[in-house]
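Subject: Structure handover

Hello,

Please find the structure below, with its sequence. My notes on what was found in it follow.

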Amino acid sequence: MSATRPITLLIAALGGEGGGVLTDWIVSAAAEAGYPVQSTSIPGVAQRTGATTYYIEIFPVPARELGGKRPVLALTPGVGDIDIAVASELLEAGRVVASGFVTPERTHLIGSLSRFYAMDEKIAMGDGRFDQDKLIKIVTDHARETLLIDMDALAKESGSIINAVMLGAIAGSQRLPVTAEQLEAAIRADGKSIDSNLRGFRAGLQATRAKMPPAKQLEKKRNAPTTPELLEHEVSYSLPALTQPTAIEGVRRLIAYQDVAYARLYLDRLRALVDADAAGGTPGRLLKEVARQLAVRMSYEDVVRVAQAKIAPSRMRRIAREELRVKDEPFSVHDFLKPGIEEFSQLLPPFLARPILRYSERKGWLGRVYFGMEINSTSIGGYLRFLMLAKLRWLRPHGHRFKQEQAQIESWLALIAEAARHSAELALEVAECARLIKGYGDTYARGLANYRSIEARVIRPALADQIPLGRAADAVASARTAALVDPEGESLAKCLSEIEGQASFRIAAE
Amino acid sequence: MRAEDAGKLERGERVTRTRYGVDDEICTGDHSCIRLSGCPSLTVKPSTDPLRSDPVATVIETCVGCGLCGEVAHAAVLCPSFYRAEIVRNANWRDRALFALRQKVIGWLGGYGGEAAA
């Protein structure tokens with residue numbers, strides 16, 4: 001299980017720029033939204049040998065959903081741990097990079113293009129100023145994403161202090177689990193210079209939104225080649241922060257599994273659920289689970305995937321190093337495959353696969369006839385066999401299994417969206433039911449059958465209000481747990497009839 | 001068997017050590033193999049895949065390479081995750097030459113060419 005980590009925010013501001021007030025706004029907005037939050041500040045030194053830094057951690061799950069548990073939040077920023085770095089001045093942005101707080105894998109940097117010259121720059125007898133372009137390059141190269149606007153100019157234009165503009169930029173970047181409205185409410189609640197602060201806030205918000213790649217523009221360019229970088233970038237502005245790490249993982253997996261277009265489909269499917277997810281109150285909570293399950297479902301196990309995994313150089317390296325502890329001894333790895341008629345038909349187009357499957361079923365071959373083989377994957381012939389199978393990847397989207405899987409995925413997603421209209425909890429439980437569908441052969445068939453009976457006997461009745469909403473999520477969760485208790489399905493059958501018994505009792509009572 | 005192998009190793013004789021394993025990426029965490037085989041060396045470990053929450057099957061150090069788990073999984077058509085790995089200690093020149101040739105050619109074909117084994 002991957003634990004939820006707090007969202008970390010590091011703010012670098014100069015003295016008098018109101019970094020402390022900015023921190024208070026963010027903390028009170030997060031607290032108002034119910035998130036556990038903590039902040040600290042480290043005073044800088046006069047004459048610009050260091051900015052005053054503020055550090056905030058927000059745990060992106062509301063306290064009420066933690067069941068009395070309290071997250072442990074850190075008081076000091078950790079190198080490599082910062083999600084968002086904000087700097088009110090360009091050199092300070094560079095200084096945050098130099099201190100190691102900006103990492104290309106994680107950190108989104110929001111900085112100002114304005115300069116406030118440091119002592120060393122000013123005392124030079126000629127031009128001692130730092131090269132602005134160099135600074136911009138350093139900052140952009142080191143961050144995962146950089147957003148640079150002239151915050152000082154925006155503050156002056158709007159007649160506000162730079163901290164309000166910074167808050168607007170933070171809101172516009174959509175990296176925090178709090179919305180722009182909630183941050184705006186924090187300014188109002190604070191009660192000081194509300195008008196000028198709101199002007200600055202909106203100026204920062206608008207400037208940031210104008211800089212963010214608008215979703216529509218990208219969609220128009222649908223025909224232009226999509227690259228993996230573009231997709232990952234799209235994740236970072238179109239999905240809630242809580243969902244992003246999982247979605248990026250999913251995008252990478254599906255590009256390796258099939259191609260960029262398939263990962264594009266994954267992202268489109270997730271984006272279609274953004275509203276349903278937001279309706280639940282905690283942006284990203286439902287979507288994170290869907291992003292995880294959807295990536296696994298879309299990369300379903302078939303012969304191509306197995307072949308890809310079997311000949312991956314990283315696999316052989318792992319076996320040699322970790323399992324065999326090879327120094328320079330010769331070794332070999334032997335794999336066992338036992339595909340049946342169904343596995344062979346998966347890659348065939350439906351019009352060929354269906355008659356073959358029907359015929360085999362009549363003959364009683366399904367589940368009985370297999371082609372067992374042992375392949376020495378470290379031999380040339382064995383390697384070539386797997387390579388050939390892995391190369392069949394292009395056939396996959398035309399295959400019978402692909403069509404089936406996509407239809408099932410679509411119906412599961414529609415079910416989640418419908419459940420989200422009833423309750424966020426129910427939607428989450430429906431999403432998690434995808435966990436039942438996994439494995440190969442009989443295991444897969446059993447999981448799918450279990451999923452279908454839960455859908456027909458618990459989820460559908462719940463959506464039709466035959467099971468009270470308060471109990472529906474629990475009912476789905478217990479049916480799912482029961483399905484995983486024994487392979488014979490006795491627990492599930494018992495659980496399902498209990499749920500139905502309760503439902504009919506209720507109807508009779510009314 | 002282990003004592004016998006240790007003796008052979010010391011005398012410089014050729015010894016093949018066999019181990020069974022499970023591929024993390026291919027195992028889906030259903031554990032049918034464990035329910036069927038019941039081997040003490042076959043257990044579960046946390047999935048290395050960030051997208052899968054169920055623990056995956058694994059063969060631990062104590063495996064003696066009897067092959068029962070793989071056979072059972074094969075007979076029951078469970079899954080293709082199992083593999084058998086063999087390492088030859090005190091290899092003769094034929095073992096070495098064949099291995100080197102295979103690694104070379106597979107390396108050319110874009111596969112694992114033995115680069116990190118040493």
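I start with the cores. The largest nonpolar core has 62 residues. A nonpolar core is a set of buried Ala, Val, Leu, Ile, Met, Phe, Trp, Tyr and Cys residues joined through C-beta atoms within 7 Å. A residue is buried if 20 or more other C-beta atoms lie within 10 Å of its own, exposed if 12 or fewer, and partly exposed in between, with C-beta atoms placed from the backbone. The residues with the most contacts inside this core are A:L10, A:A85, A:V86, A:V96, A:V165, A:M166 and A:L167. Helix α6 of chain A (residues 162-173) gives the most to the core, namely 8 residues. Helices (H or I, at least four residues) and strands (E, at least two) are DSSP runs, numbered from the N terminus. A second, separate core has 55 residues, including A:L239, A:A247, A:A427 and A:A482.

A note on the source: this is a predicted model, in which local features need pLDDT of at least 70 and side-chain atom pairs count only at pLDDT 80 or more, while totals for chains, interfaces and linings use all residues. Residues are numbered from 1 along each chain as its sequence is written, and chains are lettered from A and ligands numbered from 1 in the order in which they are written.

What does A:V86 touch, leaving aside its neighbours within four places in sequence? A:V86 is in contact with A:L9, A:I11, A:I110, A:M166 and A:I170. Two residues are in contact if their C-beta atoms, placed from the backbone, lie within 7 Å.

Chain A has 510 residues, and 45% of them are buried. Its elements are 24 helices and 8 strands. Of the contacts in chain A with a separation of 6 or more, 70% are between residues 24 or more positions apart. Chain B has 118 residues, of which 31% count as buried. It holds 4 helices and 4 strands, and from the N terminus on they run α-β-α-β-β-α-β-α. In chain B, 61% of the contacts between residues at least 6 apart in sequence join residues at least 24 apart.

Chain A contains an open sheet of 6 strands with mixed pairing, in the order β2-β3-β1-β4-β5-β6. Two strands pair if DSSP finds at least two bridges between them. The edge strands are β2 (37-42) and β6 (145-149) of chain A, each pairing on one side only. Neighbouring strands of this sheet are turned by 15° against each other on average, direction ignored. Axes are lines fitted to C-alpha atoms, for helices over the stretch in contact, and angles run from 0 to 180 degrees between N-to-C directions. Within chain A, strands β1 (residues 7-13) and β3 (residues 52-58) run antiparallel and are joined by 7 bridges. A:T8 stands opposite A:E57 in β3(A).

How do the two chains meet? In total, 48 residues of chain A are in contact with 41 residues of chain B. On the side of chain A that touches chain B, α16(A) gives the most, with 8 residues. By class, this side has 23 nonpolar, 11 polar and 14 charged residues. Here Ala, Val, Leu, Ile, Met, Phe, Trp, Tyr, Cys and Pro count as nonpolar, Asp, Glu, Lys and Arg as charged, and the others, Gly among them, as polar.

There is also an open sheet with strands from both chains: 4 strands in the order β8(A)-β7(A)-β4(B)-β1(B), with antiparallel pairing. Its edge strands are β8 (373-376) of chain A and β1 (15-22) of chain B. The twist averages 25° from one strand to the next. β7(A) pairs with strand β4 (residues 82-89) of chain B over 5 bridges, and A:H334 stands opposite B:R84 in β4(B).

Two helices of chain A remain. Helix α23 (residues 469-483) has 15 residues and reaches 22 Å from its first C-alpha to its last, close to the 21 Å expected; the expected span is 1.5 Å times one less than the number of residues. Among its buried residues are A:A472, A:V476 and A:R480. A:A261 lies in helix α12 (residues 260-271). A:A261 counts as partly exposed because it has 13 C-beta neighbours inside 10 Å.

Regards
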